[in-house]
Amino acid sequence: MSRITSAALAVTSALALVAGSAAAAVAAPAPGPAAEAKVAPVDWKPCNPDPTQPDPKIYDCAVYQVPLDYDHPNGETVGIAMMRRRASDPAKRIGSLFLNPGGPGGSGYLWATTTRFGKDVQDRFDLVGFDPRGVARSNPLKCFTTDEEAAAVNDRMTGVPVTRAEIARTIDATEDYTDACSRNAGPLIEYMSTINVVRDLDRMRRAVGDAKLNFAGFSYGTLIGATYAGMYPDKVRTLIVDGNVDPNLRMHNGVEYDRQRATGFEVSLAEYLKRCQAAGAPRCAFGDGDTRTKFDTVRDHLRTSPVTLPDGTQVTLSSFTSQVANALYSQSRQAPLAKSLQALYSVIQAPAAAQGLVAPATVDPAAVEDAKVLATTVPNALREALPETPYSADDSYYGVNCQDKPYPSDPWSFVNVAKKWEKESPTFGRYQAFDGPTCSTWPAPARDAERFTGPWGKKTATPVMVVGNLYDPATNYIFSQRMQRQLGNAVLVSVDVVEHCAVGRSKELGKLVTDYLVNQKAPAPGQLLKPDAEAFPPVA
């Protein structure tokens with residue numbers, strides 16, 4: 001564990017005068033927990049999360065100031081944007097439930113409006129969403145001054161670079177990107193690591209008046225939860241982590257963590273194709289024939305040349321890979337993905353497709369429209385762009401990742417990494433490998449940052465509730481198993497589904513979540529649940 005500021009416990013002695021002039025020492029009381037330093041309360045103001053709709057009059061908003069640098073708590077501050085949905089039954093209110101959607105860089109502000117939690121939870125808890133430091137409304141970390149300046153750099157990058165020219169152009173642009181961050185991001189870039197987010201969270205807990213924390217973290221948010229349990233184990237009431245990282249691996253070896261993440265995507269894809277074939281067409285539009293062979297045919301074709309559709313739209317390996325990855329995150333996207341995969345497969349089988357030319361007369365126009373979906377690259381970070389400034393995005397994704405995860409300092413080392421990973425993870429190995437070079441030249445890298453690197457095994461009074469999907473693409477299921485083992489007191493509940501995160505997707509799981517949050521009753525270990533919906537439901 002890197003240095004963490006802690007308050008010293010002061011123990012006082014008492015003296016009592018006994019009859020006469022003799023004085024006798026009286027034993028001091030056994031020391032109790034240190035009194036918490038007082039912080040300013042949150043100044044909530046009524047707000048409407050959706051101004052286009054009537055105000056439900058149950059929401060409040062605030063910007064809460066926290067120290068930029070906790071070693072200098074009276075210095076510069078960062079404003080954390082917060083929103084709460086007030087408990088529906090104030091007489092039975094337990095406290096606040098803080099929420100984080102992951103990312104890193106995910107905006108949690110509007111998560112106060114989430115419907116992932118049932119009525120009993122909404123009755124008893126204020127749901128509190130917030131944008132972590134450097135994200136969206138909370139002093140967003142910005143590497144550029146205008147969108148045009150950002151595009152001049154980002155447009156030179158290829159998400160899945162294969163040729164020497166693509167690789168060289170991507171790495172050169174990555175170095176220009178981190179140079180821009182060094183010039184424009186300001187002092188906040190030095191204080192983006194998870195340890196500071198957790199300190200902010202603890203301060204917010206005190207600021208809303210809660211003696212102990214209730215928290216639900218998803219994806220990267222599970223690292224926030226695990227770190228809080230490691231730093232403040234006696235301040236945990238209930239803590240849910242869903243779609244888990246492997247805290248120890250992530251904080252000690254960024255490259256190996258990313259390799260195993262690519263493996264998780266590959267396992268998820270294989271199960272998706274297996275379930276599609278089992279469902280068959282028309283339930284799964286890609287389900288006729290050998291889905292694995294068909295998928296590999298499409299991918300391998302794109303690896304050597306893009307497919308140009310009749311209207312000039314190009315499907316590239318990068319756009320294709322990002323769309324497949326994105327669809328694996330949610331069951332609701334998987335039937336549409338199958339439709340697009342079948343369409344692109346039919347296009348590739350058309351005459352002259354081998355030369356990258358598709359004549360309009362040879363392909364069903366509806367198939368062309370379905371295939372076009374795969375021509376758009378999905379952004380690689382979960383963020384809510386706010387257009388108040390000439391640069392409407394933020395750069396918190398790398399701001400956190402590069403401060404948390406150690407990487408080699410040579411971005412060109414990822415060329416060989418990509419080759420190796422592609423052999424074991426043919427769809428996602430190269431895709432994941434080229435997420436790393438940015439952190440090699442990041443101006444505030446993990447090797448120089450204050451970070452929490454464990455121990456993770458401190459015991460909380462109530463076991464942490466760990467939730468993991470068997471076929472989670474973004475957070476390999478083995479990460480959830482390791483999270484449960486690394487925490488000092490935790491129970492793992494598993495869900496048999498191809499999807500990222502599970503809370504809100506299963507009524508069975510919802511009952512366990514409610515009982516846990518309201519009654520502090522940990523689930524029985526070893527449970528394997530089913531989601532409410534299927535990716536390929538029967539056709540009516």
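**Exercise 1.** In which segment is the place of Pro-538?

Solution. Pro-538 sits in the segment after strand 14 (528–529); strands are DSSP runs of E, at least two residues, and helices are runs of H or I, at least four residues, both numbered from the N terminus. The model is predicted: local features need pLDDT of at least 70 and side-chain atom pairs pLDDT 80 or more, while totals for chains, interfaces and linings use all residues. Residues are numbered from 1 along each chain as its sequence is written, and side-chain values use heavy atoms, leaving out hydrogens and water. Next, take accessibility: at a relative accessible area of 57%, Pro-538 is exposed (exposed is over 50%, buried under 20%, partly exposed in between; 1.4 Å probe, protein chains only). Last, its C-alpha atom is 8.9 Å from that of Pro-282, 256 residues apart along the chain.

**Exercise 2.** Locate Arg-133 and state which backbone oxygens its side chain reaches.

Solution. Start with the loop between strand 7 (125–130) and helix 2 (147–154), where Arg-133 lies. Arg-133 counts as buried because its relative accessibility is 1%. A polar atom of the Arg-133 side chain is 2.7 Å from the backbone oxygen of Pro-67, and the side chain also reaches the backbone oxygen of Leu-68 at 3.0 Å.

**Exercise 3.** Find the side chain of opposite charge nearest to Lys-294.

Solution. Go to helix 8 (residues 291–304), which holds Lys-294. The nearest side chain of opposite charge is Asp-288, 6.3 Å away (Lys and Arg count as positive, Asp and Glu as negative; His and the chain ends are not counted). Lys-294 is buried yet has no salt bridge (a side-chain nitrogen of Lys or Arg within 4 Å of a carboxyl oxygen of Asp or Glu).

Note on methods: Polar contact = N/O pair within 3.5 Å; in protein donor to acceptor, adjacent residues only side chain to side chain.
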